[in-house]
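Hi everyone, thanks for making time this morning. Let me put the structure up, and then I'll walk you through a few things in it.

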Amino acid sequence: MPDNTITTLFEDSKGMMWLGTNGNGLCYFSPEQKHFVNNCPENTQLQNVTIYSIEEDRNGNFWISTDKGLYKIDRKTNDARLFTINDGLLSNQFIAGASLLTSDGRLYFGGSNGFNAFAPEQIIKNTYVPQVYVTGIHFPYSNDENTSREAANTHEELLYLKKEIRLPYQKNSFTLDFAALSYGESQRNQYNYMLKGIDPTWIRNTTTNSVSYNHLPPGEYTFMLNGSNNDGEWNRETTMLKIIITPPWWQSAWAYIAYSLLLTSIIIYVGYRWNLYVKRKYKRRMEEFNLAKEKETYKLKVNFFVNLVHEIRTPLSLICLPLEKLRENKKEDEYVSMIDKNVNYLLNITNQLLDFQKIESNGVQLNPKPCHLNLQLVSIYEQFHNIAALKDIELSIVLPTEEIYTSIDIDKIRTVIVNLLGNAIKYAKSHIELKLETTEDTITIQVNDDGCGVPKEQQEKIFQLFYQVPDAPSSKGTGIGLAFSKILAEAHKGTLSLRDIPSGGSSFILSLPKVDMTDTVNGNSAHKEDICEMETNKKVNTKKEKTTLLLVEDNPDLLSITRNSLQQWYHVRCAENGRKALELLTEENIDIIISDVMMPEMDGIELCHQIKSNIEYSHIPVILLTAKTTLSAKIEGLENGADVYMEKPFSIKQLHKQVENLMALRLAFHQLLSDFPKTNDSMSEPEKYAFSSKDMEFIKILDEILAEQVNDIDYSVNNLAEKINMSRSNFHRKVKAVTGMTPNTYVLNYRLNMAAQYLSEGMRINEVYLQLGFTSSSYFAKCFKQKFGVLPKDYTKIKKI
């Protein structure tokens, strides 16, 4: 049973028992199935109603009174039709069991307002199929019918006749009215509708004849509608109305065309600007590329000349060294003096190009000193006098009557004047004048010649680097001199200019600011260059045995002349390159190494690095001789452990003094190691004594081993060498070179220093010599007196005093 509450029982004309329930419909008992069966499980009209009474008419149809009205059940189709107060009933509420079928076929049903009587045959179904139309449209906040028609454009044609309406974007909220043309009980007409594009499914079986839509986005929609009459006869034809919501102006087709044009214009403009940017960038890169190529070409030229100068400096050394010997062995004469001056002139030219390279890298660094300008010009005049005479050119000098003093970097000003005189000798025909003038605040030096002069359009260009006057009658130069001279003049806050001489020729004018040097001149009548040499006042242990030098040079002539010059003071061993020098180090004891930098197979920098990184040779001082004068080259040499960096061409006397100074520093360090007590401050600066950090580390390791084994009588030098992982011969040579003592002497000296320390701390003499490994007290006393000059007992008394 569908429900446990039975409100009524009825037996039909066929003898079947029917039961009415309270809210669960109508059911009957099936004899075949032996249980109750729901009459229409899918029939929702009898659901949720209370059945009060059941009657059967002559046609076999059931009439059922409920609390919602009177139902007719067609037994053939099982369709249900509801009759209510709208159909003529006195009330929708009936009374349980109050029903009667009379013999003439009339039906009576009692209700709350009386009984209802009717003949079932006289109730006919409405079979008219109504037409369905959309009858009107309304907009919120607008009650004016004309305004609504105007908005929907229906003032000329009725809405139900139109297939399409167009609404502005502002009218995207509206209400549609529709109707089915069935006037019998029209309030019971039903409708199905859907707005395609908005409603996902049909809205079905509604009796409401209007629908509202709000805030529809712009677009095209189709409203579909069908309806039925009061008895549920549906019109199968669907009424359709196309509704177009026009977009706002900013979403219209013209707006999108404008947007497209604007976007196209922006793209074209951006493309134009990008193309312009790329062209400018390409142009800038090309300019940078051309500038880089010019700089590269410029550097190649400078490097070419610098490399050429490096090659020249070695032959210059070969000229200078014999000339130095010649001037020592012979009396001064005019020809030797002239050779010497012009060798120095050639050396100055080579230095000039190297100085120019330094200026390009680091700028001009001046070293101004007080200078007697008259004497300097006379010196330059004498240097060029013989050269001019050989070319039949008269060289004259014009000086003021008073002496002129000023503060300048004399080397750089000499470079400027030498350049100007050198150019004048190239182009002059018969006369050159060197003239010095002064005013209240300016010093002017002029170099005048009677040559062909310089064309007006090229007078500014000649001060540009590498520029040369085309079709010049003289031999071509490097194009560096005047540019270099102008840089040096401007560094002194002066100027270098050119003007034509009316009678023919050129006048180069160097103008310098005048500096008041009265106080300096009165206080120092002569300004001499200080020559700094290390003086060792403390007496050191002098040996008759000569120091052994290793000379490493790939130029045979320079190697031969340098060896011959140094042999009067030292034993000299020779090697052609760094590799052979290392082989020689394993065979002989070398005190100092003098090496060239640029050599085949192994250069001087690599040789220096190999020596200073090897504990067996790191104590050997290294002097580098090179034609490279750049700051970076010097730094590279010093970073690899070079003790001295000398430029070619060099003086034998200068080289001899450098060797003597290095040896004096070594002897001073030996004395420092021998003294007691050692000072940590002096020992912490090994470079002060020309020793590397590896040598200091070697001494530190040596002292640490001795501190551990100092009381072991049987601990020998062989054990010590084995502990440091060195052969006995190499260990002996290393200790001798670093400390100036043999290993045995160094061990004894260490023990005696420790003994002095222990005695100073109050330890007894017997305890001291036993703890430090001495075999007897007499031997200990003898050694102690030999080092400190007093016996151990007296040393203790002296310390107490």
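Let's begin with the salt bridges: searching the whole structure turns up 13 of them. Please keep in mind that this is a predicted model. As a reminder, side chains of opposite charge can pair when their charged atoms come close.

Take Asp 12 and Arg 75, which form a salt bridge with 3.8 Å between the closest N and O atoms. What does this pair tie together? Asp 12 sits in the loop between strand 1 (6-11) and strand 2 (17-24), and Arg 75 sits in the loop between strand 7 (70-73) and strand 8 (80-83), so the link joins parts that are 63 residues apart in sequence. Are the two partners buried or exposed? Asp 12 is buried, at 6% relative accessible area, whereas Arg 75 is partly exposed, at 30%.

Now have a look at Glu 220 and Lys 242, another salt bridge, where the closest N and O atoms are 3.4 Å apart. Glu 220 belongs to strand 18 (residues 219-228) and Lys 242 to strand 19 (residues 239-245), so this pair ties together parts 22 residues apart in sequence. On the accessibility side, Glu 220 counts as exposed because its relative accessibility is 55%, and the cut-off for exposed is over 50%. Lys 242, with a relative accessible area of 30%, is partly exposed.

Next come Glu 164 and Arg 166, whose salt bridge has its closest N and O atoms 3.9 Å apart. Here Glu 164 is partly exposed at 34% relative accessibility, and Arg 166 is partly exposed too, with a relative accessible area of 47%.

And there is a network to show you as well: salt bridges link Arg 579, Glu 583 and Glu 601.

Zooming in, strand 12 pairs with strand 14 (residues 174-180) in the antiparallel sense over six bridges. If you'd like one to find on the screen, Val 132 has Ala 180 of strand 14 as its bridge partner.

That's my tour, and I'm happy to take questions!

Terms used. Residues numbered from 1 in each chain as written. Predicted model: local features only at pLDDT ≥ 70, side-chain atom pairs only at ≥ 80, totals over all residues. Heavy atoms only, no water. Pairing = 2+ DSSP bridges. Helix = DSSP H or I, 4+ residues; strand = E, 2+ residues; numbered from the N terminus. Salt bridge = Lys/Arg side-chain N within 4 Å of Asp/Glu carboxyl O. Buried < 20%, exposed > 50% of the residue type's maximum accessible area, 1.4 Å probe, protein only.
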